Every structure is written in C-alpha cells, then in structure tokens.
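Reader: I'd like to go through this one with you, starting with the domains and then moving on to the chains. Could you take me through it?

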Amino acid sequence: MGLAIDLLVVLALVAALSLASRLLGPRPRMEGDKGMPYETGMPPLAQPGAHPWASYYRFAVLFVIFDVDLAFLAPWLVQGGRPDAGMLVALTAFLGLVGFTLAYVWRKGALEC
Amino acid sequence: MTSLLVAPNPLPLLAFGVTVLAVLATGFARRRPGATARTIAATGLVVAAARSCDPGAMGLGAGWTPLFVAGALPFLALLPSAGEVAPALIASSVLGMAVLAWARHLFALFLGLELMSLPLYLLLARQSRERRTLEAALKYFFSGSLAAGLFLMGMALLYVSTGSFSLDQAVPARPAAQLALVLMGCAPLFKLAAFPLHFWLPDAYDAASPELASFMSTSVKAAGALMLLKLSVALGPDSYLTWILPAVGAATMTVANLLALRQDSLHRVLAYSSMAHAGTLILLAGTGGEGALSATAVYLWIYLFMNAGAWLVLRAGGLRRVSDLRGLSARRPILALLWAVVILSLAGIPPTGGFFAKLLVFLAALQADKPWAAAALALNGLLALGYYARLVREAFLEAAPKEAPAAETEPPRLVPILVCVCALGALWLGLWAPAAVGVEAWLK
Amino acid sequence: MALTLLWTVPMAAGLAVWLLAPRRARRAALGLSLAILAYAVWLALPFSRGEGNLRLAELPGPLSEGLIHYFFAVDSLSLSLIWLTALLHPLCVLAAWSEDRPSAYWASFFFLEGGLFGVFTAQNLFYFYAFWDFVLIPMFFIIGLWGSENRRAAAVKFLLYTFLGSMALLAGLVALPVLHHRMTGIWTWDVPGLIATPVGATPAGRWIFAALALGFAVKIPLWPLHNWLPDAHTEAPAGGSVMLAGVMLKMGVYGFLRVILPLFPEISRAAFPIFGALGVINILYGALCAMAQTDLKRLIAFTSISHLGFCVAGLFTLTPEGLTGSALQLINHGISTGGLFLLVGMLYSRAHTRRLDAFGELAGRAPRLAVFFAVILLSSIGLPGLNGFVGELLTLAGLARVRLGLAALGACGTVLAAAYGIPTYQRVFFGPCAAGSVSERVSDLDWRESLALAVLCAFALGLGLFPGPLLRFLTPAVALW
C-alpha cells in the first residue's frame with residue numbers, strides 16, 4: 001500500500017513539474033551554438049548518430065577492464081595500515097588474471113587497429 | 001570475504017576457473033592448437049565436477065555441477081579441433097553455472113548468471129555468418145540483457161527492504177521484497193524460456209547446431225531450474241510464488257506444446273519440446289519443499305539423456321526438417337530405433353525414464369494439493385504426444401522419398417556412440433530409477 | 001520368480017525373434033509362443049497349490065511398504081486372461097504365416113504379450129500403469145507398419161485416443177495414494193493395500209473414480225468413447241486385430257474389476273444407473289452399427305463394442321450372476337471375436353478385399369472355411385450350446401435382478417446379433433456371385449489355418465457345453481458382491 005502511494009506521489013510530482021515548466025518557462029531558442037551537440041567544448045567532427053568504426057568497441061571493452069581494475073585497487077591503496085597476507089594473495093591473483101587477459105588479447109592481435 | 005559470497009569449501013570452483021585459464025593459455029602456442037584445448041576443457045571440467053559432487057545429496061549447491069558438465073560434454077566432444085575460443089567459451093559458461101551453484105549471495109548469483117549467459121551469446125553468434133544466425137544471437141543477447149536488468153532491479157529492491165544481499169536470510173513478507181523476488185525470478189524464467197519470455201527460443205535453437213542446442217536445453221535449463229529453486233526456497237513455502245510458478249509452468253507447457261504441433265523444422269519442434277519440459281520444471285519448482293528439489297534433480301538427469309539423445313540423432317542423420325525423417329527406419333534402422341527410444345522417453349511413455357520423470361511431477365503436484373496442475377499435466381501429456389507421435393510416424397511409417405536426401409557431410413564417428421549412450425541411459429533410468437528411488441521419502 | 005519369468009520371457013523372446021532371419025523367425029515365433037503357452041498352462045499347477053485369492057505372489061518385503069513396489073500376483077481371473085493371451089498368440093502365428101517382415105512383426109507380438117502379462121499380474125499400480133501404457137507401443141507399430149491402406153492415420157488415432165484414457169488414468173492413479181496417505185498415513189500403491197480405502201467416501205474420491213473410469217472406458221471402449229476402435233480394428237493386420245479385440249479390450253474391463261470395484265465399492269454401487277445404461281447403449285449401438293456396415297472387418301469391430309457392453313452392464317450390477325457372467329464373457333469374447341478376426345484375415349489375404357458384397361458362393365469353394373466361420377459366428381451371436389451364450393445369459397440375469405427394463409433392452413442386443421450375423425453369413429457363403437468376382441480367388445484353408453481355427457472351435461464348443469468348471473474357477477476372483 002505504502003509503495004503504491006509512493007509511486008503515485010512520484011508520478012504526480014513528475015507530471016506536475018514538467019507540465020509547469022512547459023507552461024511557465026521561457027521558450028528555448030535552438031539556433032547557433034546553442035543548437036550544437038555538446039562534446040567537451042569542441043566543435044563536433046561528425047554528425048550525431050554516426051557509428052564509430054568497429055574496433056572502437058573492442059578498445060572500449062578492454063579499457064573498461066582496466067578501469068574496473070583500478071576501481072578494485074584503489075581501496076587497497078588508500079585504506080592505510082598493513083595489508084594482511086590474505087588480501088595480498090587475493091590481489092596478486094586478481095592482478096595476475098588481468099595481466100593474463102592483457103597478454104592473451106595482445107597475443108591474439110586484438111590491440112591492433 | 002569468500003565465505004560470504006559462496007558456499008564453504010570453494011576449491012572445486014577454483015578448478016573450474018583454472019580450467020578456463022588453461023584452455024585460453026593454449027592460445028599462446030605458435031602452432032595451431034589442434035585438439036589440445038578441447039581435451040583440456042573436457043578433462044578439467046570432468047575433474048572439477050567429480051571433485052565437487054557430494055554423493056549424499058544434491059542439495060541446492062555443488063551437487064548440481066556434474067549435471068552441467070554432462071550437458072556440455074557432447075558439445076565439447078563434437079567440436080572441430082581448431083582454436084581454443086569455443087572450448088574456452090563453453091568452459092566459462094559452465095564456470096558461470098558452477099558459480100550459480102555455489103552462490104549464497106546475490107552478487108555471486110548475478111555474477112554466475114552473466115558468466116553463464118555471455119559466452120552463450122557468443123557461441124550462438126559464431127555458429128555461422130548467416131544473417132539468420134546473427135539475428136538470433138542478437139535477439140538472444142538483448143532479451144537476455146533485459147532479464148539480467150530485471151534481476152539487478154530486483155536485487156536493489158531486495159536490498160532496500162532487507163538491508164542485505166545474502167540469500168540465506170528469510171525474505172520478509174513485505175510487498176517490496178516479494179516484488180523483488182518476482183523480478184529476480186524473471187532471469188531464470190527467461191533462461192528456461194517460460195511463457196511469455198520465450199520469444200527468443202525458436203530462432204536461437206534453429207540457428208544453433210544440434211550439439212549447441214543440446215547444451216542450451218540441458219545444462220542451461222538445469223542452471224535456470226537451480227536458480228529458480230534457490231529463489232523459491234528463499235521465499236519460503238507460503239509465498240505466492242507457490243501459485244505463480246505452477247501457473248506459469250502450466251501456461252508454458254501448453255503454449256509450447258500447441259506451437260510444436262505445427263512446426264516443420266526439427267530444431268523448432270525440439271526447441272518447443274524443451275520449452276514444454278522447462279514448463280514442467282517450473283511447475284515442479286512451484287510445488288515447493290524438499291520433494292521438489294530431489295524430484296527436479298532426478299527429472300533433470302533423465303531429461304539430460306533423452307534431450308541430448310534427440311539432438312544428437314539430428315546430428316548423426318544430418319536431419320533438419322521433419323520430412324527428412326522419412327524412411328529413416330529403412331536407411332538407418334538402428335539410429336531410427338534409438339530415435340524412437342528418446343522420443344518416446346520425451347513423450348513420457350513407459351518403460352523409459354521420461355515416464356518416471358512425468359510421474360514424479362504428477363505426484364508432487366497432487367501432494368502440493370494442486371489438482372488443477374495435475375489436470376494441466378495430463379492435458380499436456382496428450383498434446384505433446386501429438387507431435388512426438390508425428391516424429392515417430394515420419395521415421396517409421398512413412399515411405400522413404402524417391403531420391404535420398406542430399407548426402408550430408410559425414411558426422412564424426414563419436415556421434416553414434418553418444419546417441420547410444422543417451423538412449424540407453426534414458427531407458428536404463430526408466431527401468432532402474434523407480435525401484436531404486438524411495439519416492440515417498442520426498443513427499444513429506 | 002514364476003511371474004517375473006512370465007513377463008520377461010516373452011520380452012526376451014521378442015528380442016531373439018527380432019534378430020533372426022525372416023525364414024527362421026516364423027518357426028521360432030511359433031515355437032517360442034507355444035513354449036510360453038505351455039509355461040502359462042503349467043502355472044495352473046503351483047496356482048492350485050496356493051491359498052487365498054491372490055497366489056504366486058512376488059512380494060519383496062511386507063505389503064504396503066512404499067509406493068513403487070515390485071508386487072506381482074495372480075488370481076483366477078488374471079490367470080484365465082493370461083491363458084487366453086498365450087493361446088491366441090500361437091494361433092495368430094499359425095493363421096498369419098505369410099505376413100511380410102516376419103522378424104519384426106512377430107517380435108512386436110512377443111513384446112505385446114509380455115506387456116499384457118504384466119498388466120494382468122501387476123498388483124502394484126505403478127507397474128500396472130507402466131505395462132498398461134507400454135502395450136500401446138507394439139500395437140502402434142503393428143497397426144502402423146503392417147496394416148492396410150489407411151494404417152498410418154489409424155495407428156496415430158489409436159495411439160492418441162487411447163493415450164487420452166491413459167492420461168486420465170494416470171492422474172487418477174497418482175491422486176489415489178496421495179489422498180490415501182493423507183487420510184491414513186500409509187504410502188501404498190498396492191491394490192490389496194488400498195482395498196476399501198477411505199478415499200472413496202470423500203468428494204475428491206468421486207473425481208478419482210471418474211478419472212479411473214474414463215481411463216478404463218476408453219480401452220473397452222464404452223460409448224461415446226469408442227471412435228478409435230473401428231478404424232484401428234479395420235486397418236490392423238489380422239493378428240493385430242485378434243490381439244486387439246481378443247485381449248487388449250479386456251484390459252479395460254479387467255481394470256474395472258481389479259481397481260475400481262474393490263477400491264470404490266460404494267461409488268460403484270451408486271454409479272450403476274450410469275454404467276448399466278452405458279453398457280446397454282453399447283450393446284444396442286454396437287449391434288445397430290454392425291448391421292449398417294459393408295466392410296466385413298468393420299462389422300466385426302462393432303460386434304466387439306456390442307459384446308463388451310454385456311461385460312460392463314454385468315459388472316456394475318454387483319450381483320454374483322453379473323460379475324461371473326462378465327468375467328466369463330471376457331474369455332468367450334476373446335475366443336469368438338479372435339476367431340472371427342482370424343477368419344476375416346484369411347479371407348482378406350486371399351481376396352484382398354473386405355467388402356461384403358464382393359463375396360458370394362464361398363460355401364462351395366471353401367467348405368472348411370464355411371464350417372469354421374459358421375461355428376465361430378454362431379458362438380459370437382450367442383447360440384445356446386456355444387460359449388457366447390453362457391456369458392450373455394448370466395450378465396442379463398444379473399441385470400434383470402437389479403433393473404428389469406435394462407435387461408430387456410440388453411436382450412434385444414442378442415436378437416440384433418442374429419439380425420446382423422445370419423444375413424452376413426448368407427451373403428458371403430451362399431449369396432450370388434458374378435463371374436470374375438474375388439470369390440473365385442478364394443481357395444480353401446491350408447492345414448495351419450485349419451488347425452488354428454479347430455482349436456478355437458473346440459474351445460467354443462467345450463466352454464458352451466461345460467461352462468461349469470471355468471465359472472467355478474472364476475468365481476472367487478470376482479466375488480465382490
């Protein structure tokens with residue numbers, strides 16, 4: 001019951017706010033620089049919606065592996081104090097796995113364009 | 001940390017992981033790896049499964065891994081000996097199932113689910129470069145991701161209402177928590193192709209080779225059933241899953257059997273047949289209790305033999321359409337006979353194992369005081385015989401076509417042996433299991 | 001051990017015959033089926049030394065211990081049906097000597113025989129049902145592979161239709177121990193353990209009764225579930241029809257006698273109006289349909305429906321006359337209808353047609369055939385002095401004790417039997433026959449066929465003149481009144 005009321009209140013609020021902004025807010029004018037897609041402040045090189053080349057995805061995925069890797073390592077670095085043996089083993093195993101992966105994709109030529 | 005995520009004594013689980021790494025490591029060799037990767041994968045998985053099985057009881061954990069590995073073996077055995085990618089993929093899929101089996105924590109459960117599913121999408125997409133195959137793989141991938149998303153959403157909801165991710169605690173009867181389990185239940189129901197989450201199934205099975213389809217319909221369904229059982233045990237015996245699941249199961253069976261009646265592709269007939277059996281498993285999971293657990297395990301072992309047997313006959317005979325079966329009894333009498341055994345077993349006709357499996361579900365449904373479920377089972381037994389009888393009729397009663405079907409590439413010599421093992425296994429389980437298994441002990 | 005051998009030996013014999021070369025398969029089939037007959041007859045010896053109703057029991061452990069429980073035993077009714085099965089099998093081999101692909105054909109008969117023995121001896125309902133369903137498989141192949149033109153459709157129809165009954169039966173058979181356990185705390189699937197179970201008094205008990213009755217009624221078949229029978233009988237090969245009509249239809253009545261009446265006596269008594277009426281409808285409907293047939297085999301198929309109506313009506317009277325009469329009628333019908341299907345099979349193998357109006361003047365061309373046909377047809381019609389008469393009379397007597405009107409209607413069935421039987425005989429054996437008709441191809445019987453029919457005629461006469469011993473033998477098995 002409580003959940004249902006929550007849901008109703010949320011929906012009603014969202015609807016009311018967007019309706020109010022539609023009715024009361026100024027009409028935005030979409031022209032000039034304001035109409036351009038925002039991409040780190042640089043003028044875009046391609047039309048929005050164009051696909052990057054296929055190996056871009058491969059690099060993106062591989063990048064995520066190392067990104068996540070860092071996310072796991074960070075707490076270990078900043079936690080201070082002396083790490084115990086179990087943690088050391090776990091992290092070595094983890095880094096070993098990531099290293100193995102890197103070596104494997106390298107060997108398979110996945111890092112070439 | 002580990003003991004929180006997975007059940008105690010996870011060493012065999014590591015063995016599964018090491019197997020995957022070892023298979024990948026063969027990729028470093030300069031020469032073409034030959035059959036090494038395949039052999040390592042098969043050996044590693046079998047050893048890991050043997051290490052993890054507990055002869056006392058299958059329980060809800062490691063005892064299931066031999067089932068998963070057994071379902072993967074035909075695929076491994078029939079792989080062409082090139083490359084380490086396919087063996088590595090299937091080994092990691094089985095690793096995912098093993099993680100599922102060990103999981104006591106929702107994170108581990110999710111990890112296992114994804115580790116099991118992602119290699120499947122890739123394996124399916126690698127089947128051929130045809131548009132059809134890619135379409136099927138993409139469909140499978142997207143709908144699988146949807147199911148995973150629902151699972152995550154359920155996880156979040158559960159955390160909100162209980163403050164914990166552990167599976168061992170009782171789930172409160174609050175609506176949010178119950179809704180969370182229903183959302184999480186969508187993931188295994190999707191893997192089992194329950195109605196209405198079955199739309200990906202015919203395409204995927206049609207695009208897959210028989211041995212991959214066999215893996216998808218035995219091991220993957222077993223993992224789905226295990227996950228469903230874990231969730232329904234977590235929910236307790238009085239939750240409303242105990243009537244949602246039987247209803248979903250009955251609907252799944254009925255829809256699958258009706259759709260199977262009018263198919264021309266053997267892959268699709270068997271796909272719907274596996275969906276119907278999955279419906280039976282869902283119904284069984286909904287009857288609740290320890291009995292459902294043991295009965296599901298026995299059902300899955302029997303189903304493994306009969307289903308894998310049927311797919312392997314397709315491989316052995318190079319059969320794709322139902323009409324390809326014509327004259328099979330004249331062309332290859334022994335293969336036709338084995339075909340009859342596995343099909344009659346799938347139809348649940350004594351003395352095959354399929355009959356005992358069906359009987360168990362009837363018993364469980366009636367013991368759980370659900371006569372309507374028993375009525376649905378009876379009706380579906382009849383519907384299913386409608387198309388199984390057609391499969392037998394085409395193979396035995398119809399005359400051979402004037403010109404023999406185009407000569408297929410000769411299947412590996414191992415295929416007939418595997419078919420024999422499966423058919424005899426299905427028959428043997430039907431003769432031996434009823435007398436050996438004390439059914440009434442489960443029905444407490 | 002004796003009963004385990006009884007069902008395993010035919011299965012093993014089937015495997016052996018299957019692997020033999022066609023030329024040897026026939027002789028082997030004949031020899032093995034005769035050996036099985038001899039074994040079945042020999043069972044009378046240990047049976048006569050036993051005590052109680054169920055004898056030769058194979059029962060590891062105490063009664064009612066667990067659900068699935070290897071429990072086999074026979075009573076006099078089971079034993080009689082076993083004898084009937086074992087007798088008809090070698091006669092089929094003799095009479096259909098020239099069937100093609102004999103290895104697989106006769107192997108199917110052995111599997112069928114083994115399955116039937118299992119049905120008649122199993123005292124645990126798990127094994128009962130397993131054998132019950134198993135017999136569908138060999139019969140499916142017998143009809144589908146060796147039948148006439150429409151065999152494929154007929155085989156599938158037979159399988160699906162009778163499986164409808166099987167599914168109802170399975171649901172009922174599974175619900176029974178579950179409820180029994182809930183009420184008594186005992187898990188059992190043994191028939192003796194379930195006798196007069198308290199389940200019958202509950203509302204759910206009625207549903208179980210209905211499910212079981214549906215399952216058995218399809219097999220008999222009881223009107224309006226009889227649709228599968230004419231097609232299956234017509235399209236099946238001669239031997240297949242003999243086993244189908246001679247033994248497999250009996251499974252339904254046997255199920256009523258073995259499972260429904262002892263387990264649900266109260267509901268059975270209350271259900272008499274329904275089943276008595278259905279039985280009489282069967283009698284009349286079967287006879288009327290038989291009169292309208294132009295296909296000889298279809299005609300006989302409908303007479304089966306008519307004759308089994310007597311059995312069902314007799315059973316539910318729950319009177320001594322009705323019950324013993326039905327049991328006797330089971331055996332008699334096996335002999336007379338089995339014989340009729342053998343005869344039609346012989347005609348068909350010579351003339352390649354079953355149309356009534358294609359035949360004529362056969363009495364002169366095939367005198368031996370004419371004599372055997374006359375004796376067996378008259379026994380089927382129920383002429384006093386031949387076996388059919390005794391069973392019908394007893395069931396009608398039982399019916400008359402309970403409801404005179406139904407008995408009178410049932411008696412009309414015997415008149416109708418004469419009305420379809422005599423003209424048919426006249427048409428085939430004395431009717432006019434154009435030149436070049438198929439009758440000219442009909443030669444007289446050879447010694448194998450004559451031997452098979454002579455045996456059946458001897459039983460028809462013997463049981464007609466001296467029904468006493470068999471009646472006394474059957475009585476204890478059906479003493480449910």
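**Domains, chains and a helix pair**

Author: In chain B, 29 residues of domain 1 are in contact with 40 residues of domain 2. This is a predicted model, and the domain assignment of chain B places domain 1 at 1-102 and domain 2 at 103-442.

Reader: Which elements of domain 1 of chain B give two or more residues to the side that touches domain 2?

Author: Those elements of chain B are helix 1 (2-5), helix 4 (65-77) and helix 5 (85-102). Helix 5 of chain B supplies the largest share of that side, with 13 residues.

Reader: And what is that side of domain 1 made of, by class?

Author: The side of domain 1 of chain B that touches domain 2 of chain B has 25 nonpolar and four polar residues, and no charged ones. Taken over C-alpha atoms, the centres of the two domains of chain B are separated by 21 Å.

Reader: Switching to the chains: which pair shares the most contacts?

Author: Two pairs of chains are in contact, and of these chains B and C share the most contacts. On the two sides, 26 residues of chain B are in contact with 27 residues of chain C.

Reader: Where on chain B does the side touching chain C come from?

Author: Helix 16 (353-367), helix 17 (371-396) and helix 18 (414-436) of chain B each give two or more residues to it, and the largest share, ten residues, comes from helix 17 of chain B. By class, this side of chain B has 20 nonpolar, four polar and two charged residues.

Reader: How far apart are the closest C-alpha atoms of chains A and C?

Author: They lie 38 Å apart, and no contact joins chain A and chain C.

Reader: Let's look inside chain C. At what angle do helix 16 and helix 19 of chain C cross?

Author: The axes of helix 16 (residues 320-351) and helix 19 (residues 387-402) of chain C come within 8 Å and cross at roughly 155 degrees. Because angles over 145 degrees count as roughly antiparallel, helix 16 of chain C is roughly antiparallel to helix 19 of chain C. The crossing of these two helices of chain C is left-handed.

Reader: What classes of residue make up that contact?

Author: The contact of helix 16 of chain C with helix 19 of chain C has six nonpolar, twelve polar and three charged residues. Among the residues that meet are Glu321(C), Gly322(C) and Asn332(C) in helix 16 of chain C, and Asn387(C), Gly388(C) and Arg401(C) in helix 19 of chain C.

Reader: Back to chain B for the backbone: which residues does the cis peptide bond with omega of about 5 degrees join?

Author: That cis bond joins Phe195(B) and Pro196(B), and Pro196(B) is in the loop between helix 8 and helix 9 (201-207) of chain B. The peptide bond from Pro350(B) to Pro351(B) is also cis, with omega near 10 degrees, and Pro351(B) lies in the loop between helix 15 (333-347) and helix 16 of chain B.

Reader: What is the phi of Asp369(B)?

Author: Asp369(B), although not a glycine, has a positive phi of about 65 degrees, and it lies in the loop between helix 16 and helix 17 of chain B. Most residues other than glycine have a negative phi.

Key: Residues numbered from 1 in each chain as written. Chains lettered and ligands numbered in written order. Predicted model: local features only at pLDDT ≥ 70, side-chain atom pairs only at ≥ 80, totals over all residues. Axes fitted to C-alpha atoms, helices over the stretch in contact; angles between N-to-C directions. Helix = DSSP H or I, 4+ residues; strand = E, 2+ residues; numbered from the N terminus. Parallel < 35°, antiparallel > 145°, perpendicular 65-115°, else oblique. Left-handed = near helix turned anticlockwise from the far one by under 90°. Contact = placed C-beta atoms within 7 Å. Nonpolar A, V, L, I, M, F, W, Y, C, P; charged D, E, K, R; others polar. Domains from an automatic or database assignment.
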